[in-house]
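Let's take a friendly walk through a protein model. Have a look at the sequence and the 3D view before reading on.

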Amino acid sequence: MVLHSASSASSSLRLLLSFFLLLLNVGEGKPELPSFREAPAFRNGKECGTVDWSALDARVHHPNIIHISMTLDATYLRGSIAGVLSVLRHASCPENVFFHFLASHHRPELRRIVVSTFPYLNFRLYHFDIDIVKGKISVSIRRALDQPLNYARIYLADLLPEGVKRIIYFDSDLILVDDVAKLWGIDLGSSVLGAPEYCHANFTSYFTHKFWLDPAFSGTFAGRRPCYFNTGVMVIDLERWRRGKYTERLEWWMRIQKRARIYELGSLPPFLLVFAGDVEGVEHRWNQHGLGGDNLEGLCRDLHPGPVSLLHWSGKGKPWRRLDSKRPCPLDSLWAPYDLHQKPPLSSSSSFSFQYN
């Protein structure tokens, strides 16, 4: 390789230095948010009840609205956008769906992205103050599980208006292939929370030996038949949650964990400690979870037997990352049609070339 002149060599070296400084700045600064193409508009069928959004009071319950909550952040934004699209595409009354998004950073940029991607979407963006949980989070087996926003679901009853009496919480790594109204309409009975339960799972593995050997801890399950449930898909009665002060109950166990180390898995075990055995069981079709593999390897997995209404890439492997790396799992092809991500064009200002003789 021969550079044609000293000046061109100097120019090329300066450009190279600028390029590497740019890479360093990207790594140290705020992560760049992805861009998305606009989603098609989805309209209500004739059977849908109407909602006068202009006269809507956030403090008053409206029977025709389906409330859904998700988190938004730079790392999982691509998954969140795909999840929203899947809900709207399969909803019988998409204009009656209201999204409650929780975010801790990039709120103006996130709002702009949601509005430009879903111009007709009814939503509200809430600030989640990570200082609320910073001192309560313990290190788990995977760093992603330790992010403060992962704990935001604990505070839904405090963040959302009192007029929101019921909420569906969805993780950012799932898609629906069925009408969300069916999930919304389940009868919670006397329970605060509804979710698919998995009673065949080894429940003892979610807590340490120290927990099971101490009756002061393990005794919390006395009189209950606790089963595992995944907190990425939950239907929650917020009125009962508020009356029962369930946020405080979850925080109590988080403080115990900081002192005694009784579990290893982030925000899941507190939910198991408070709710397991008192959950209204939902059909397994509403959370075909574990498609991201385990929390360490993220290997490919198959669907559970039975019908499917929701596919959930819980675990380490995420479909957008595997698709980008050209090493997808077979089921990642089911997520791909909901991906609205568009790669930005290569900036001409960041390109440079050498001449070869």
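Leaving aside neighbours within four places in sequence, which residues is Phe101 in contact with?

## Around Phe101

This is a predicted model, where local features need pLDDT of at least 70 and side-chain atom pairs count only at pLDDT 80 or more, while totals for chains, interfaces and linings use all residues. Residues are numbered from 1 along each chain as its sequence is written, and side-chain values use heavy atoms, with hydrogens and water left out.

Phe101 is in contact (heavy atoms within 4.5 Å) with Met70, Leu72, Val84, Val114, Leu121, Phe123, Arg124, Leu125 and Tyr126, once those sequence neighbours are left aside.

## Two cores

A nonpolar core is a set of buried Ala, Val, Leu, Ile, Met, Phe, Trp, Tyr and Cys residues joined through side-chain atoms within 4.5 Å; buried means under 20% relative accessible area (1.4 Å probe, protein chains only). The largest one here has 52 residues, and Ile68, Phe99, Phe101 and Phe170 have the most contacts inside it. Its largest share, 7 residues, comes from helix α2 (residues 77-90). Apart from this core lies another of 50 residues, including Phe229 and Phe271.

## The sheet

Helices (H or I, at least four residues) and strands (E, at least two) are DSSP runs, numbered from the N terminus. Seen in order, β4-β3-β2-β5-β10-β7-β11 make an open sheet of 7 strands with mixed pairing; two strands pair if DSSP finds at least two bridges between them. At the edges stand β4 (122-127) and β11 (280-281), each with a single partner strand, so one side of each has no neighbour in the sheet. Strand β7 (residues 193-195) pairs with β11 in the parallel sense over 2 bridges, and Gly194 has Glu280 as its bridge partner in β11.
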